[in-house]
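Please open the model in your viewer and keep the selection panel at hand. The stops below are meant to be taken in order.

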Amino acid sequence: MPIVAVFDVPGMTRSQYEQSAEKVSGRAGPVKNPSDWPVSGLISHTSAATQDGWLVVDVWESEEAFREFGKTIIPILEELGVPNPKPRIYQAHTVVTP
């Protein structure tokens with residue numbers, strides 16, 4: 001069952017987000033495709049600046065796929081000094097893709 005993972009991180013900067021994306025993909029520049037992720041199962045990824053930090057919303061094919069990705073992203077965020085990088089996880093009700 002698909003899940004939605006929400007990282008709403010006050011204090012996270014655009015630079016920290018961009019650095020984390022480069023570390024996730026293993027190359028310079030922004031992530032552009034689900035194949036940029038080190039594990040399979042990503043359906044969508046969206047990020048945005050907030051008034052006090054950064055927001056990332058991912059949709060994953062399953063909680064297991066996201067947890068596998070968590071083994072990569074959480075240490076990266078901690079290394080970059082991102083404060084309290086703990087996502088909220090929700091069971092998806094509806095997922096629409098092109």
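Buried residues are those under 20% relative accessible area, exposed ones are over 50%, and partly exposed ones lie in between, with a 1.4 Å probe and protein chains only. This is a predicted model, in which local features need pLDDT of at least 70 and side-chain atom pairs count only at pLDDT 80 or more, while totals for chains, interfaces and linings use all residues. Residues are numbered from 1 along each chain as its sequence is written, and side-chain values use heavy atoms, with hydrogens and water left out.

**First stop: α1**

Select α1 (14–25); helices (H or I, at least four residues) and strands (E, at least two) are DSSP runs numbered from the N terminus. Its buried residues are Q16, Y17, S20, A21, V24 and S25. They cover an arc of only 160 degrees around the axis, which puts them on the same side of α1, the arc being that of the directions from the helix axis to the C-beta atoms. Among the elements that cover these buried residues are β2, β3 and α2.

Now show the strands, which form an open sheet of four in the order β2-β3-β1-β4 with antiparallel pairing; two strands pair if DSSP finds at least two bridges between them. Because β2 (42–49) and β4 (88–91) stand at the edges with a single partner strand each, one side of each is left without a neighbour in the sheet. Four bridges join the antiparallel β1 and β4, and if you select V4, you will find Y90 of β4 opposite. The helix α2 packs on the sheet, touching β1, β3 and β4, where contact means heavy atoms within 4.5 Å.

Which residues have the most contacts inside the largest nonpolar core? Select F7, M12, W37, W60, F66, F69 and I73, which belong to a core of 23 residues; such a core is a set of buried Ala, Val, Leu, Ile, Met, Phe, Trp, Tyr and Cys residues joined through side-chain atoms within 4.5 Å. The largest share of this core, six residues, comes from α2. Centre on F66 next: leaving aside neighbours within four places in sequence, F66 is in contact with I3, A5, F7, W60, P87 and I89.

**Last stop: N84**

Finish in the loop between α2 and β4, where N84 has its place. N84 is exposed, with a relative accessible area of 58%, and its phi is near 50 degrees, a positive value in a residue other than glycine.

Note on methods
Axes fitted to C-alpha atoms, helices over the stretch in contact; angles between N-to-C directions.
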